Amino acid sequence: MQNQLILGFLGFGLIGGSIAKAARRVFPDCHILAFDTDNSALERAVKEGIVNTPLSAPTKELSNCHYLFLCAPVHYNIEYLPTLKQFLSKDCILTDVGSVKTDIDKAIKEEGLSEQFIGGHPMVGSEKSGYLASKDRLIENAYYFITPSESVSQTKVENFSAFIKALGALPIEFSSDYHDWVTSAISHVPHVVAASLVNLARNEDTKDGLFKKLAAGGFRDITRIASSSPTVWQHILLSNPNNILEQLTKFQASIEEVKQAILAKDEQALFRFFDTAREYRDSLPEGGVGVIHKQYEIYVDVADQPGVLAVVTTLLGSNGISIKNIGIIHSREYEEGALKIAFYDETSSNKASDILEKYNFIVYKR
């Protein structure tokens, strides 16, 4: 395996599994070693031909890795460092995929691993977690933060950046401090807000679950990230407290302004609040890949009559389009169309829209 690309993974869930699958697609002859506490995930990855060598613990077998990815929650990654230090090759590029860099950077310095550490954070994700949710193109065309330590060589940074580009991602280099400030605003606080909204509905719900029954459409969309791994987000909030608290304070101030505008019946202030948000939201790039993976969905107006679902599914199936999910939307306060259809990719979504519109269905694209 002297000239063979060797990759190691500690933690093999959504992100680790997706990077490994991308590497297997781009570098089919690479050798992949992986450790995860979920043995069933490793067994599945071996059967799928993604992992060559499953590990029961971080061992010396990782010593020959060209790239070693730390893909567990932040504090678990830190716990691995003393063990890795004992056998890790000096030529190995050690990296992580965490959403926070402060704690891992500090631990890397304490363990004397700065000369080979390049922090990493692909700006992707899913409300689903674990290896089963991983995809070989999850990081494709997604921004991938690179946060090199101060001691690592420029050659290592260039090599790692080239590797990330080869996997289809878009590397962007920031300092660790700047990375943590940015992600606190666009990722960490939104997760807190989403979870808070869900808990608000949960706490106000009736005994017969009326809120749960009615909370569809827009509520499900804006709170989708609340389904993310509690362990991962527990670690994130404890690892980036200063930035998150600062952003939460600003968010609280914004909410307080809205409360005061409502009390004062200030029409102009309320209009500005929604108008500035709408304007900025509409300026976000359509094709961007975010922390939560884009959903490929269409909404279709259908008549309430027997056989209409069969007509739609037959039209799509006969044209070779696979449906990921389909359902009737009963609560449509924020949605158009009674039928929601989800697809696995954008090509299928666009093709389905064209076919259904050809047969005079009214289609709303997301």
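For this tour, a contact means heavy atoms within 4.5 Å. Bear in mind that you're looking at a predicted model.

**Stop one: Phe69.** Select phenylalanine 69 and show its surroundings. Leaving out residues up to four places away in sequence, Phe69 touches Gly8, Phe9, Leu10, Ile19, Thr95, Val97, Tyr144, Phe160 and Phe163.

**Stop two: the largest nonpolar core.** Now widen the selection. This core has 38 residues, and Phe69 is one of those touching the most other members, along with Leu7, Phe9, Phe12, Ile19, Tyr144 and Phe160. Colour the elements that each supply two or more residues: the strands β1 (6–10), β2 (31–35), β4 (67–70) and β7 (143–148), plus the helices α1 (14–26), α2 (39–47) and α5 (154–166). Which element gives the largest share? That's α1, with six residues.

Cys71 counts as buried, at 14% relative accessibility. Next, jump to Cys92, where the nearest cysteine sulfur is again that of Cys65, at 5.8 Å. A disulfide needs the two sulfur atoms within 2.5 Å, and Cys92 is in no disulfide. Cys92 is buried too, with a relative accessible area of 0%.

Key: Residues numbered from 1 in each chain as written. Predicted model: local features only at pLDDT ≥ 70, side-chain atom pairs only at ≥ 80, totals over all residues. Heavy atoms only, no water. Core = buried A, V, L, I, M, F, W, Y, C linked by side-chain atoms within 4.5 Å. Buried < 20%, exposed > 50% of the residue type's maximum accessible area, 1.4 Å probe, protein only. Helix = DSSP H or I, 4+ residues; strand = E, 2+ residues; numbered from the N terminus.
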